[in-house]
Amino acid sequence: LGVIKSNKPNVRFAKEAYGDHPRQVAQVMINEGVGETDEAAPLFIFLHGGAWGSGFPTMYRLISLPFLKRNFRAAILGY
C-alpha cells in the first residue's frame, strides 16, 4: 500500500460583509501558506451567476481551488 498524498491546500475561511444587506457578504479563502501580512499575494474575485436571485457564495468554493493552490487569496461575492 502507498501513501495517498493530497495536493489540496489548507485553507482558512472567513465571511466578510461588504454592504448593509445580509446577502452582501464575501466568502474569503486564504491558503495557509500565505501569511496574513503578505501584501504581494494576488486576489481572485468571483461573482457567481444566478440572475441576482439564486445561489450562494459557498456553492462556488471549488472554483477557487486552482488559485488557492498557487497562493492566491480568493473572494466569492454574494449579492
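Is glutamine 27 buried or exposed, and what is its relative accessibility? In this predicted model, local features need pLDDT of at least 70 and side-chain atom pairs count only at pLDDT 80 or more, whereas totals for chains, interfaces and linings use all residues. Residues are numbered from 1 along each chain as its sequence is written, and side-chain values use heavy atoms, with hydrogens and water left out.

Glutamine 27 counts as buried because its relative accessibility is 7%, where buried means under 20% relative accessible area, exposed over 50% and partly exposed in between, with a 1.4 Å probe and protein chains only. Glutamine 27 belongs to strand 2, residues 25–31 (strands are DSSP runs of E with at least two residues, helices runs of H or I with at least four, both numbered from the N terminus). Beyond four places in sequence, the contacts of glutamine 27 include Pro57, Arg61 and Ile76, contact being defined as heavy atoms within 4.5 Å.

Isoleucine 76 in turn touches residues including Gln27, Met29, Phe46 and Tyr60, with residues up to four places away in sequence not counted. The largest nonpolar core comprises five residues, namely Met29, Phe44, Leu68, Ala74 and Ile76; such a core is a set of buried Ala, Val, Leu, Ile, Met, Phe, Trp, Tyr and Cys residues joined through side-chain atoms within 4.5 Å.

Valine 34, located in the loop between strand 2 and strand 3 (43–47), is buried at 3% relative accessibility, and its contacts beyond four places in sequence are Arg12, Ala41, Asn71 and Arg73. Asparagine 71 is partly exposed, with a relative accessible area of 36%, and has a positive phi of about 65 degrees although it is not a glycine.
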